[in-house]
Amino acid sequence: MRTVTLPAPDDFDSWRDAARPLAAAEVPPDDVVWQVGEAPTDLFAGESVAHEAPAGAGFTVPRPFIDLARNVVLANDPERFALLYTLLFRLRREPKLVEDRADPLVRRLDGLARQVRRDIHKMRAFLRFREVDEGGTPRFVAWFEPEHHIVRANAAFFVNRFASMRWSILTPEVSLHWDGKGLSEGPGASKADAPEGDPIEAVWKTYYASIFNPARVKIGAMLKEMPRKYWKNMPETALVPQLIAGAQAREASMIQTAQTRQDIGGNSQVAWEALREEAAHCTRCHLYKHATQTVFGEGPVDARLMFVGEQPGDQEDLAGKPFIGPAGQVFNRALATAEIDRDTVYVTNAVKHFKFEQRGKRRIHAKPGAGEIDACRWWIEQEQMLIRPDVTVALGATAARSLLGKVVTIGKERGRALTLPDGGQAWITVHPSYLLRMDDKARAEDEFGQFVDDLRKVKAALG
Ligand code: SF4
């Protein structure tokens with residue numbers, strides 16, 4: 001009997017390094033005990049002795065097995081390492097086994113991988129950060145209780161998503177801490193170590209109450225999508241029981257008055273104003289230090305169409321309103337030509353503070369960097385969740401990067417509907433300032449025509 005001791009419960013590399021030479025040496029699965037630290041994970045194995053896995057033995061396995069194993073290793077099933085090794089051992093004689101969904105072992109491992117993927121998704125969807133003051137600078141802290149060993153595997157997602165914020169994710173097994181440059185790990189924590197609430201929660205609660213539609217309450221679906229164990233960490237769900245309790249009465253009243261949209265709009269307006277107020281004090285990146293003020297979005301809260309530009313310019317910075325400078329004039333002319341009423345659309349920017357270089361008395365526009373775009377994405381996401389536009393239009397590469405979370409080439413993507421990460425519809429076109437920078441008048445007019453064509457397509461997509 002051989003014992004393999006893995007350093008951590010989610011350590012795929014160590015499992016692979018130990019399993020390969022064992023399989024290459026044809027050590028039967030029944031002769032191997034897998035354990036993490038001192039705790040045996042294979043509860044059905046017999047007496048064990050210390051074992052040093054032989055190094056360097058070569059054994060090629062199919063890619064689908066590696067993909068499956070990477071997920072299965074994260075499962076909380078104590079037999080996972082032994083089950084994976086059994087599959088690996090059988091693969092030597094049955095190379096296509098991993099594709100055989102009728103095989104009970106493959107089916108069981110597939111099921112574990114599915115549970116792990118679902119848990120990874122839940123952590124991304126249901127984790128909520130609370131802002132705390134840490135010596136004058138904000139840190140965002142979240143508490144989460146995963147069902148599987150997925151926290152380290154999810155770290156890269158949160159680093160990419162919130163690269164410019166300082167954050168900590170506390171879980172019972174391990175804590176992750178990001179300081180804007182590096183990720184560090186700490187021991188597990190308890191819920192008492194995490195903060196209870198912050199000012200933005202009031203916004204969320206107002207907003208959630210405003211969009212809650214009792215006519216659509218389907219408790220089963222809600223519980224499936226948003227399992228109850230995560231509710232306590234999500235500010236909006238604190239309202240769910242009382243909203244459900246009042247649902248029937250509210251529904252009757254809504255039908256009677258036929259004021260549904262206006263009511264929701266009224267509450268959303270309150271939530272939007274609270275959000276704008278919160279953004280006015282934002283210090284998530286350094287741009288607030290030199291600009292005059294936060295330039296928040298503007299337009300009706302029930303707008304079906306949202307435009308996202310790059311950042312406020314000199315005039316917008318002074319007035320506190322988006323798209324009122326020279327680029328805003330081009331934007332207005334294009335909207336009018338495409339017969340889109342600006343008063344019906346919501347207009348905002350990917351970055352809410354003016355970034356510039358001072359040259360004498362002039363403030364020259366400076367392009368926002370990836371860190372600033374990522375920091376400010378927080379506000380765009382809040383605006384999108386509140387406005388819930390049918391269609392969002394990214395004006396230029398910065399807006400496209402903010403909305404899609406990746407660098408895109410405008411020439412390749414413009415003129416067609418794209419799907420946002422939240423499932424909404426997005427279109428990409430040029431920023432009106434691009435047209436202003438053209439010296440060749442004929443070319444500028446031609447580009448303006450193409451810009452208007454894009455806007456007409458967007459209008460048609462709205463129906
Ligand atoms: S640019 Fe955005 S993230 Fe940076 S301080 Fe301003 S509002 Fe906050």
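Is glutamate 339 buried or exposed? Glutamate 339 is exposed, because 10 other C-beta atoms lie within 10 Å. The cut-offs are these: buried means 20 or more other C-beta atoms within 10 Å of a residue's own, exposed means 12 or fewer, and partly exposed is in between, with C-beta atoms placed from the backbone.

This is a predicted model, in which local features need pLDDT of at least 70, side-chain atom pairs count only at pLDDT 80 or more, and totals for chains, interfaces and linings use all residues. Residues are numbered from 1 along each chain as its sequence is written.

**Overall make-up**

- The protein has 17 helices and 15 strands. Both are DSSP runs numbered from the N terminus: helices are H or I with at least four residues, strands are E with at least two.
- Of the protein's 463 residues, 35% count as buried.
- Take the contacts between residues at least 6 apart in sequence: 72% of them join residues at least 24 apart. Two residues are in contact if their C-beta atoms, placed from the backbone, lie within 7 Å.

**Around the ligand**

- The shell around the ligand holds 15 residues, and Cys282, Arg284, Cys285, His353 and Cys376 come nearest. A residue is near a molecule or strand if its C-beta atom, placed from the backbone, lies within 6 Å of it.
- Helix α13 (residues 370–387) gives the most to this shell, with four residues.
- By class, the shell has nine nonpolar, three polar and three charged residues. Ala, Val, Leu, Ile, Met, Phe, Trp, Tyr, Cys and Pro count as nonpolar; Asp, Glu, Lys and Arg as charged; the others, Gly among them, as polar.

**Helix pair α2 and α4**

- The axes of α2 (residues 63–72) and α4 come within 8 Å and cross at roughly 60 degrees. α2 is therefore oblique to α4.
- Axes are lines fitted to C-alpha atoms, for helices over the stretch in contact, and angles run from 0 to 180 degrees between N-to-C directions. Angles under 35 degrees count as roughly parallel, over 145 as roughly antiparallel, 65 to 115 as roughly perpendicular and the rest as oblique.
- α2 and α4 cross in a left-handed way. Left-handed means that the near helix is turned anticlockwise from the far one by less than a right angle; right-handed means clockwise.
- On the α2 side, Leu68, Asn71 and Val72 take part; they meet Leu109, Leu112, Ala113, Val116 and Arg117 in α4.
- Six residues of this contact are nonpolar, one is polar and one is charged.

**Helix pair α4 and α5**

- Helix α4 (residues 104–126) and helix α5 (residues 151–161) have axes that come within 10 Å and cross at roughly 40 degrees. That angle makes α4 oblique to α5.
- The crossing of α4 and α5 is right-handed.
- Ile120, Met123 and Arg124 of α4 make the contact with Ala153, Asn154 and Phe157 of α5.
- Four nonpolar residues, one polar and one charged form the contact of α4 with α5.

**Helix pair α12 and α17**

- The axes of α12 (residues 326–337) and α17 (residues 441–462) come within 9 Å and cross at roughly 55 degrees. So α12 is oblique to α17.
- α12 and α17 make a right-handed crossing.
- From α12, Ala334, Leu335 and Thr337 make the contact; from α17, Phe448, Phe451, Val452 and Leu455 do.
- This contact has six nonpolar residues, one polar and no charged.

**Positive phi**

- Most residues other than glycine have a negative phi, and most peptide bonds are trans.
- Glutamate 339 has a positive phi, near 60 degrees, and is not a glycine. Glutamate 339 sits in the loop between α12 and β10 (346–349).
- Arginine 388, also a residue other than glycine, has a positive phi near 50 degrees. Its place is the loop between α13 and β13 (391–395).
- Arginine 388 is partly exposed, because 17 other C-beta atoms lie within 10 Å.

- Methionine 1 lies in the segment before β1 (2–6). Methionine 1 is exposed, because 12 other C-beta atoms lie within 10 Å.
- Methionine 1 and valine 32 are 31 residues apart in sequence, and their C-alpha atoms are 5.7 Å apart.
- Leucine 318 belongs to helix α11 (residues 314–319). Leucine 318 is partly exposed, with 17 other C-beta atoms within 10 Å.
- From leucine 318 to phenylalanine 354 is 36 residues in sequence and 9.5 Å in space, C-alpha to C-alpha.
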